[in-house]
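The sequence and the model are shown first.

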Amino acid sequence: MSSPRCADLSRAAGEPLAATATTAERWLLVEVPGTWPRDVSDEGALPEGAQEAVSTWLAGTPGSRLQFVRRPGRSGARTVVFVVRAEETVAEMRRIELADHADLAHVDFETDGDLTEMRLVLVCGHGTRDACCARDGTAVFGALAETLRGEDLWISSHQGGHRFAANVLVLPAGLQFGRVEADEAPSLVARALEGTIELGRYRGRTCYPQAVQAAERAVREAAKLEGVTDLRLAGTDGPLVHFRAQDGTEFVAVVEEIEGPTTPASCGADPEPQKVFRARIV
């Protein structure tokens, strides 16, 4: 009998989904077909010069993250790279085409490429990292592939949070969803692309640290706000997080970090208490 999967154990333990999104404001997406290593930043995952250029950019760019992406069935095309700014008030994406990965060594990630109005949907399917991502992500990708064509939809490397599979990331808005089921994925993603958040599957907005994500979730639930642009962070003061709605209404939430359910962080890992951020409106 196979061991229980981390996603199943997390759900059974009642681990909250809110305020678990990966935090990043700058994303570097590199198309890499085939099987990926467990860690895409490992030496040898890209040619030496390309690896050095990518590592240098990541090290010098606060809040940045590398993702490998692939699209099954896409072949014979030039390699595509996306450089994404997914900040609260800045959503920008540049698309770069390369002859091969070695050309990454000569890319200026701050200026090269063409600005595009594209919106990307990334489904984590990194099977060499975690079995749940392969199992659940593949099913969700298949459901979305019926409606999203071309470069709008990609399988991505590890997004963070295996146990919340299937994980879906919408860029450049920076919306991350978890425990997405295949039958609900098309409607959830369609709403997200229109600027509406499905709170029941919402892990958080990636431009915020997790404590702020918890406050955002509390405010959205209390005020019944589902639009991406309905709220803007007004500031933080210790455990207090201030948000302002479009109509000028101000909300304050107090956030605390507590010990959550004991469950494995990934398949094969030992169970351990997971941190949880809890917020309430004051």
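A disulfide is taken here as a pair of cysteine sulfur atoms within 2.5 Å. The model is a predicted one, and by this rule the count of disulfides comes to 0. Cys 267 is in no disulfide, its nearest cysteine sulfur being that of Cys 132 at 3.5 Å, and the residue is partly exposed, with a relative accessible area of 26%. Cys 207, by contrast, is buried, with a relative accessible area of 9%.

## The sheet

Strands of a sheet pair through backbone hydrogen bonds, either parallel or antiparallel. In this model 10 strands form an open sheet of mixed pairing, in the order β5-β4-β3-β1-β2-β7-β6-β8-β9-β10. The edges are formed by β5 and β10 (202-205), each of which pairs on one side only.

A hairpin of 4 residues connects β3 to β4; Ala 86 has Ala 91 of β4 as its bridge partner, while Thr 79 stands opposite Leu 98 in β4. Strand β4 is in turn joined by 2 bridges to strand β5 (residues 114-115), again in an antiparallel arrangement, and here the bridge partner of Arg 94 is Leu 115 in β5.

## The nonpolar cores

How many residues has the largest nonpolar core? This core has 44 residues, and those with the most contacts inside it are Leu 28, Phe 68, Leu 104, Phe 109, Leu 144 and Phe 177. Helix α4 (residues 185-193) gives the most to this core, contributing 5 residues. Apart from this core lies another, of 16 residues, among them Ala 214, Leu 231, Phe 243 and Ala 253.

The surroundings of Phe 109 can be followed residue by residue: leaving aside neighbours within four places in sequence, Phe 109 is in contact with Leu 28, Ala 53, Val 54, Trp 57, Val 83, Arg 94 and Leu 104. Two of these partners, Leu 28 and Leu 104, are also listed with Phe 109 among the residues with the most contacts inside the core. Arg 94, also in contact with Phe 109, is the residue whose bridge partner in β5 is Leu 115.

## Helix α4

The buried residues of α4 are Ala 185, Leu 188, Val 189, Ala 192 and Leu 193. Seen down the helix axis, the buried residues of α4 fall within an arc of 130°, so they line one face of the helix. An α-helix has 3.6 residues a turn, so residues three or four places apart point the same way. The cover over the buried residues of α4 includes β6 (120-124), α3 (131-144), β8 (168-171) and β9 (175-177). Just after α4, Gly 195 takes a positive phi of about 95°.

## Backbone positions in the loops

| Position | Backbone value | Loop |
|---|---|---|
| Ala 165 to Ala 166 | cis, omega near 0° | Ala 166 between β7 (153-156) and β8 |
| Leu 171 to Pro 172 | cis, omega near 10° | Pro 172 between β8 and β9 |
| Lys 224 | positive phi, about 55° | between α5 (210-223) and β11 (231-237) |

## Thr 20 and its loop

Thr 20 lies in the loop between α1 (6-13) and β1 (26-31), where it counts as buried, at 13% relative accessibility. A polar atom of the Thr 20 side chain lies 2.7 Å from the backbone oxygen of Leu 17. Leaving aside neighbours within four places in sequence, Thr 20 is in contact with Phe 164, Arg 203, Gln 210 and Gln 213.

Key
Residues are numbered from 1 along each chain as its sequence is written. This is a predicted model: local features need pLDDT of at least 70, side-chain atom pairs count only at pLDDT 80 or more; totals for chains, interfaces and linings use all residues. Side-chain values use heavy atoms; hydrogens and water are left out. Buried means under 20% relative accessible area, exposed over 50%, partly exposed in between (1.4 Å probe, protein chains only). A nonpolar core is a set of buried Ala, Val, Leu, Ile, Met, Phe, Trp, Tyr and Cys residues joined through side-chain atoms within 4.5 Å. Contact means heavy atoms within 4.5 Å. The arc is that of the directions from the helix axis to the C-beta atoms. A polar contact is a pair of N or O atoms within 3.5 Å; within protein, one must be able to donate a hydrogen and the other to accept it, and residues adjacent in sequence count only if both atoms are side-chain atoms. Two strands pair if DSSP finds at least two bridges between them.
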